[in-house]
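Hi,

Here is the structure I promised to pass on. Have a look first, and my notes on its charged pairs follow below.

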Amino acid sequence: MTEAACYGTPAGRQPGAAGLPAAAPERAARLEALLGDPFDPANPHGHTALLGSDERREVPEATEQLLADAHLAAEFVPQDLGGRLARADDLARVLRPVFRRDAALGFGFGITSLFATSAVWAAGDARQRTETATLLLEGGRASILHRELAHANAILRDEFTARPAPGGGFTLGGRKDVVINADRAEAFVMYARTASTTGPGSHSVLLLDPERLPPGGLLRLARVDTAGMRGSRFSGIAFADCPVGPDTLVGGLGEGVLLALRTFQVNRCLIPGVVIAGVDSVLRHAVRAATENRSNGLPARRWHRVLAGVFADLLACDSMAVTGLRALSLLPDSAHLLAAAVKYTMPDLLREDLEELATALGARGYDRGPRYGGFQKLVRDLPVAGLGHAGTAACQAVLVPQLRTLARTSWFHSPEPPAGLFRPEDPVPPFDYRRLTVSGTEDRITAALVAEAERLGTLRSAGPVWAALSDLAESFVQEVRALREECAAPAGRGPELFADPKACVLADRYALLLAGASCLGVRRAQDGTGSFLDDPSWAVLALSRIGRRLGVPVPELPDQVTGTVIAEVLERYRDGRSYDLYATRLAG
């Protein structure tokens with residue numbers, strides 16, 4: 001039996017996505033219903049089946065086939081090419097039912113196809129865009145072959161080269177030992193070194209069809225076992241003096257780094273925006289553990305602070321992720337700043353939340369069964385999904401060079417963003433990868449923080465919770481002032497700037513300020529709705545936790561803050577609704 005045969009048969013190609021519900025909430029609800037009750041042991045797509053596949057390091061083939069039959073791949077194809085990708089925040093919402101159950105399934109089935117093809121959507125010619133769209137819509141997969149990054153993990157180590165060939169085209173060489181879906185991808189998007197020098201023009205993007213490569217030019221190597229995402233298929237790939245035509249080039253020669261900077265901002269918001277659904281599930285596990293065998297159905301008081309605090313963090317993270325995804329449509333010239341801050345901040349916040357939830361789970365956190373086994377699985381999967389230090393370093397490389405310019409020209413000068421940026425139910429212009437840039441230096445998210453702090457000052461007399469929120473907002477504004485003073489001062493340029501630990505601390509502070517600004521913006525956008533998000537309590541708790549990380553003054557919380565938030569935690573648990581901005585009805 002061949003190695004490929006040992007992996008099982010991939011889901012077959014499927015027809016287009018005709019007949020799917022038009023609105024994202026309905027598509028997400030349809031997928032939630034198809035996946036069914038995760039705690040039903042007889043459900044072939046529930047925790048029992050998914051954890052079993054993970055233990056055996058097998059792809060959950062039945063669930064992959066269900067996602068293929070549901071035409072989930074259409075979500076990764078732009079609408080003008082026959083797919084469903086019209087809003088980046090809608091994409092995250094539709095994917096959450098998958099990631100709520102299994103992050104490895106979400107990556108392995110298809111989200112990596114979007115990461116690969118984003119360069120084609122951004123810079124491909126008409127033929128490349130059409131053929132790639134057809135491939136995904138018919139059930140095919142694409143894999144991304146990253147360029148090498150310093151201090152990277154195995155996924156980002158090593159690189160490929162593409163030497164100009166006589167008469168046009170390229171000769172490919174190099175190998176990578178850890179590529180997701182390398183054994184079954186029907187297209188590769190390669191970030192290859194095309195220049196011997198370093199710098200922004202060193203790499204180019206190539207779109208490769210393995211069926212069109214000459215015999216012996218492509219080698220698919222053995223599968224690699226990983227500590228996390230064990231049900232995903234990671235394996236190696238190598239090219240040996242493999243000739244390809246000039247029509248494989250995506251965009252212009254030497255545009256690979258620029259394309260990565262433009263398109264990866266989508267990934268930076270999308271990954272945290274879907275992984276949050278997994279932490280949502282763990283919070284649900286913790287609430288179950290804290291209320292089991294309690295006659296009144298309430299957790300012991302010692303767990304109120306943990307459960308309410310993690311819920312507030314999830315709402316803060318979701319505020320940041322959803323705002324970042326909406327900014328890709330509403331503020332495409334400057335969305336890269338918030339996108340880098342999202343990817344920089346959220347993984348650490350979510351990891352800290354998992355550590356807090358482990359205390360509530362106690363011994364159940366080591367359970368490998370279907371009721372609590374998702375906790376250990378997510379702890380294993382998150383480092384692989386988040387790309388660890390390499391992702392942090394890449395985001396620092398975006399933020400640090402911008403801080404001086406922002407301090408001198410943007411902070412306290414830029415106008416507020418449109419109100420709809422913070423309101424998920426509002427429409428946005430169609431999302432288009434081709435509109436994304438990395439040249440904008442205007443920070444309108446911080447402008448929203450400054451404006452909201454001024455508005456909240458007029459509400460201090462409305463009660464202690466409003467007064468606390470006003471105090472927190474003002475503390476954040478004062479932190480912006482301090483940050484502006486430090487960042488505007490003359491400092492080193494070039495490589496020495498990145499080597500200065502102080503620069504990384506400044507980036508930390510700035511990213512956390514954007515998290516606080518997003519919370520305030522989302523709460524403000526719910527004014528008058530009478531919803532839980534309209535209540536200032538969650539924002540007070542969220543900003544107090546962010547403020548402690550920042551080291552800014554944090555007022556003593558009014559007694560009703562934790563009580564209001566924990567009441568919502570318990571109500572959503574009993575009603576089977578998600579712990580994010582949408583409060584979505586869940587299966588089971």
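Which side chain meets that of Arg96 in a salt bridge? This is a predicted model, and in it the partner is Asp318, with N and O 2.5 Å apart. Arg96 and Asp318 are both buried.

Arg545 makes a salt bridge with Asp353, and their closest N and O atoms lie 3.6 Å apart. Here helix H18 (residues 537-550) supplies Arg545, helix H10 (residues 335-361) supplies Asp353, and the two are 192 residues apart. Again, both Arg545 and Asp353 are buried.

Arg572 and Glu568 form a salt bridge, with 2.8 Å between the closest N and O atoms. Because they are 4 residues apart in helix H19 (residues 559-575), about one helical turn separates them. Arg572 has a relative accessibility of 2%, so it counts as buried. Glu568 is buried too, its relative accessible area being 11%.

Finally, there is a network of salt bridges that links Asp54, Glu55, Asp102, Arg230, Arg368, Lys377, Arg380 and Asp381. Across the whole structure, the salt bridges number 51.

Key. Residues numbered from 1 in each chain as written. Predicted model: local features only at pLDDT ≥ 70, side-chain atom pairs only at ≥ 80, totals over all residues. Heavy atoms only, no water. Salt bridge = Lys/Arg side-chain N within 4 Å of Asp/Glu carboxyl O. Buried < 20%, exposed > 50% of the residue type's maximum accessible area, 1.4 Å probe, protein only.
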